[in-house]
Amino acid sequence: GNSYNQGGKGRGGVTERDQGGGQAMSIMDIHPFTGNFTIIARVTVKGPVRTYKNAKGEGRVGSIDLMDGSGDLKGTFFNDECDKWMQALEVNKVYKVRGGQIKNANKQYNQCKSDIEITFGRDSTFEPVSDTDAPKVTYHFADIAQIEQYDPQTVMDILAIVQRADPVGSVTVKSGANAGNQLAKREIVLVDKSMKTIRLTLWDENIHLVSENDAHSPCIAIKSVRVSDFGGRSLSTTRSSMVEMNPDIPAAHALKGWYEHAGKNTNFASLSGGGSSGKDPRKFIQDIKNDNLGQGDKPDYFTSRCWVTYFKHDGTYCYVANPENKRKVVQQGDNWFDESLNKVIDNPERRYVLSISASDHTGSAWFSAFNDEALKLLSGKTADEMNEFKENNDPQFEATFAENTFRPYVLKARCKVEMWQDEARVKSTVVSVTPLDFREGCQELLQLINGYRS
């Protein structure tokens with residue numbers, strides 16, 4: 001495995017240097033008999049605030065995980081301190097932390113490395129520290145191929161390419177204090193230079209770090225993922241995992257370069273069952289129906305060499321979004337309002353949600369195309385530009401759609417049955433668009449011919 005000290009941004013630990021000139025302790029040096037302490041640490045996890053009842057009445061409790069370069073610990077707040085700090089502290093921000101009651105960690109409810117935990121009280125202080133003076137986390141990356149040798153429940157670090165992401169799902173908690181609650185999760189497939197893939201489950205807030213519509217195969221670094229023997233070998237984030245997308249470290253740049261130039265056209269063996277994965281199977285349009293694509297528990301991915309024959313644009317072809325989070329905004333008077341953030345958005349942008357018809361010699365089918373893919377299909381014309389053409393009755397509105405029809409592409413698509421007005425329909429969504437390369441197409445046909453001959 002490779003070790004890296006990660007500086008600057010991202011979810012990492014911290015250098016042990018008190019900005020005020022004094023010496024900060026390492027988290028792993030704190031023990032139950034430590035007196036006054038100062039640590040500089042990053043808030044990596046902020047749990048939900050819960051209410052409880054006991055003999056003294058009702059109360060509120062919340063907890064955080066703090067990490068520096070040496071390890072991590074759990075901290076708890078009650079009542080007034082809970083109200084104050086659980087609102088003020090931000091995940092991924094670094095603080096100089098002083099004061100609190102140290103006790104032995106209850107490992108039944110505490111996954112952190114430290115053998116102590118801290119109850120923060122009235123005298124505890126959290127002083128923000130600038131990110132430039134902060135974090136160092138040490139990664140010990142292992143290759144995916146090595147994970148076969150790891151025992152279940154082993155905690156490790158991984159650096160990999162996200163080959164694909166499934167849509168967000170959920171599971172119902174079966175037992176414990178949260179029984180009956182729904183937990184959000186997202187399954188992704190990771191790949192690296194060891195030529196193996198593995199499934200990873202992201203939980204809670206981490207589900208938003210990737211999207212099933214992102215065709216850019218981002219790089220992901222995770223500190224402390226847990227190995228499971230579910231379906232062979234698979235990985236899962238835990239409460240203590242730190243996830244960073246596209247980290248600015250040499251190993252990540254090298255991995256991304258390898259994937260773009262060689263890896264993405266390779267077949268990989270999977271550690272998580274389901275055979276090999278790699279280049280998605282080439283399908284004709286009629287195969288979507290004939291092969292029952294999308295009818296299983298998981299989505300099917302395929303590529304198709306086809307021509308875009310129609311863009312549906314009489315009704316909704318775009319929506320107005322907050323450019324920060326891509327969520328839909330609604331008009332209130334002269335303003336655009338993001339209900340998820342409860343704030344007015346000054347510079348909204350329009351984003352495509354296109355329905356397109358694509359055809360080959362076997363038939364035609366409808367596909368959905370979101371903003372990044374739609375831009376490639378419409379010669380880079382943005383939804384804002386198209387909206388302006390439409391508002392001004394500019395003939396360029398119709399002309400843009402017309403001049404981009406009957407162009408050949410290789411479309412990579414994701415296929416899954418979805419319920420629509422109580423009816424099950426197969427929905428195909430474009431996840432990447434590549435203009436047809438005739439030279440590459442000829443090579444492919446030659447390989448097929450040679451295959452038949454041999």
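**Cysteines, cores and strands**

Modeller: C112 is buried, at 3% relative accessibility. Buried means under 20% relative accessible area, exposed over 50%, partly exposed in between, with a 1.4 Å probe and protein chains only. This is a predicted model: local features need pLDDT of at least 70, side-chain atom pairs count only at pLDDT 80 or more, and totals for chains, interfaces and linings use all residues. Residues are numbered from 1 along each chain as its sequence is written, and side-chain values use heavy atoms, with hydrogens and water left out.

Biologist: How many disulfides does a search of the whole structure find?

Modeller: C306 is buried too, with a relative accessible area of 1%. Its closest cysteine sulfur, in C415, is 13 Å away, so that is too far for a bond. For the whole structure, the search count is zero.

Biologist: Which residues touch the most other members of the largest nonpolar core?

Modeller: A nonpolar core is a set of buried Ala, Val, Leu, Ile, Met, Phe, Trp, Tyr and Cys residues joined through side-chain atoms within 4.5 Å. A second, separate core has 22 residues, including I144 and V210. The largest has 30, and the residues asked for are F311, Y352, L354, I356, F367, L377 and L411.

Biologist: Is F397 buried or exposed?

Modeller: F397 lies in helix α6, residues 396-403. Leaving out residues up to four places away in sequence, F397 touches H313, Y317, M386, F389 and K390; contact means heavy atoms within 4.5 Å. H313 is 84 residues away in sequence, yet 9.7 Å away C-alpha to C-alpha. At a relative accessible area of 6%, F397 is buried.

Biologist: How many bridges join β25 to β26?

Modeller: Helices (H or I, at least four residues) and strands (E, at least two) are DSSP runs, numbered from the N terminus. Two strands pair if DSSP finds at least two bridges between them. β25 (407-420) and β26 (423-435) form a hairpin with two residues between them, and M419 has A424 as its bridge partner. The strands run antiparallel, and the bridge count is twelve.

Notes: Disulfide = S-S within 2.5 Å.
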